[in-house]
Amino acid sequence: MNEENRNYKLQLISKYRTILMGISILMITFCHLDIARRYNGLPGIKLGSLLHLFTVGVDIFMFLSGFGLWYSLSNNNDAKTFLKKRIIKLLPKYIVIAGITYFLYDLIIAKHGFLKFVQDYTFLSWVLYGSTRYWFVAGILIFYIFFPLIFKVISNDAVKDRYKMFVFLIVFLAIVFFFDTHFERYRDFRIAIERLPVFILGALCAKYSDKTISRLHLGIMTAIGLIFTAVQMLSDPFQSWVSHTPYMYYLSRGLFAVSLMIVFILILEKLSGDTLSILQGGFTLLGTATYEIYLFHQSYMILLNFPPYLPGYILAAVIMPVFSGIILKSITKISKLEM
């Protein structure tokens with residue numbers, strides 16, 4: 001931070017990126033309690049509604065993914081190599097973990113049959129029935145595929161970036177509105193599609209990571225995101241309006257994600273000594289295994305039939321995925337070193 005100008009550099013996002021990813025994956029593991037209860041035919045509870053706010057961890061992760069991909073493609077501007085690395089990073093672990101999960105669940109536990117196994121495994125269930133299990137794998141893979149084009153568009157004339165983003169948002173919102181009002185099935189895909197702007201915003205912040213932003217502007221952005229979210233929590237009519245207005249829900253998620261990242265970074269900047277070291281160590285460990293933890297989170301929830309009560313949920317959705325994900329990531333690292 002420049003104390004004289006009271007500014008913060010956007011490079012702080014890079015400094016704390018892995019820690020922020022660790023925070024986001026921990027939030028994601030906690031956020032599905034209400035879904036687990038509804039899956040089992042039980043009414044929602046206040047704790048479940050509160051934890052559902054943690055879905056913003058996905059938006060934080062999308063932002064940080066766009067941020068990291070900008071650096072990745074900037075360092076090696078080869079789209080084929082870029083895509084190859086991303087696909088190798090995503091698909092093999094999904095193929096193994098989801099393959100075992102759906103084999104056990106569809107063919108042995110629930111006895112849904114081979115056709116349902118294929119549909120679940122290949123994401124056809126998302127298209128046919130709106131099933132969003134493991135949706136993030138397919139969603140982020142599509143974002144990866146289009147990222148070289150996104151990179152090309154925003155890496156050119158910096159002066160025109162604000163105009164490009166304005167035009168993009170207008171066109172994007174118009175498309176979202178059209179599909180939302182004309183195709184009922186579109187709403188099954190909002191969970192991925194409408195997080196594209198926060199993903200692109202992450203890439204733009206990486207592009208301008210050498211720039212600074214004033215404390216006043218940070219305060220305004222933080223206030224907007226937090227107040228918007230607080231009003232949703234306190235006002236049922238406003239919450240209903242946000243949820244049923246095309247793109248407003250995920251716009252609010254994106255605003256909330258930016259606000260939380262600002263708060264987290266400012267807190268981390270103020271910490272020092274042992275406290276910072278402990279937090280850095282713990283959340284960095286989680287942050288390096290986010291994808292593995294996510295895969296195991298989905299896997300255990302499916303196999304254990306979405307435990308709807310808090311003790312079982314914490315075990316299946318949080319503790320087991322965290323330990324399994326960290327172990328798998330450690331094994332992967334050791335294997336690469338040996339090779």
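User: Which residues make the nonpolar surface patch of about 750 Å²?

Analyst: This is a predicted model, in which local features need pLDDT of at least 70 and side-chain atom pairs count only at pLDDT 80 or more, while totals for chains, interfaces and linings use all residues. Residues are numbered from 1 along each chain as its sequence is written, and side-chain values use heavy atoms, with hydrogens and water left out. A patch takes residues with over 30% relative accessible area and no salt bridge, joining nonpolar side chains (Val, Leu, Ile, Met, Phe, Trp, Tyr) within 5 Å and like charges within 9 Å; a salt bridge is a side-chain nitrogen of Lys or Arg within 4 Å of a carboxyl oxygen of Asp or Glu, and accessible areas come from the Shrake-Rupley method with a 1.4 Å probe, only the protein chains shown counting as cover for residues. The patch is made by Phe 166, Val 167, Ile 170, Val 171, Ile 175, Phe 178, Phe 179 and Phe 183.

User: Is Phe 166 buried or exposed?

Analyst: Phe 166 has its place in helix α10, residues 161-182; helices (H or I, at least four residues) and strands (E, at least two) are DSSP runs numbered from the N terminus. Buried means under 20% relative accessible area, exposed over 50%, and partly exposed in between (1.4 Å probe, protein chains only). Because its relative accessible area is 56%, Phe 166 is exposed.

User: Where do the buried residues of α7 lie on the helix?

Analyst: In helix α7 (residues 114-121), the buried residues are Phe 117, Gln 119 and Asp 120. Seen down the axis, they fall within an arc of 165°, the arc being that of the directions from the helix axis to the C-beta atoms. The exposed residues Phe 114 and Leu 115 are on the face turned away from the buried side.

User: Which helices do the buried residues of α7 pack against?

Analyst: Packing is judged by contact, meaning heavy atoms within 4.5 Å. The buried residues of α7 pack against α6 (79-109) and α8 (124-129).

User: Which residues does Lys 329 touch, not counting residues up to four places away in sequence?

Analyst: Lys 329 is found in helix α18, residues 310-338. Lys 329 counts as buried because its relative accessibility is 19%. The residues it touches are Lys 93, Thr 288, Ala 289 and Glu 292.

User: How many helices and strands does the protein chain have?

Analyst: Of its 339 residues, 47% count as buried. The protein chain has 18 helices and two strands.
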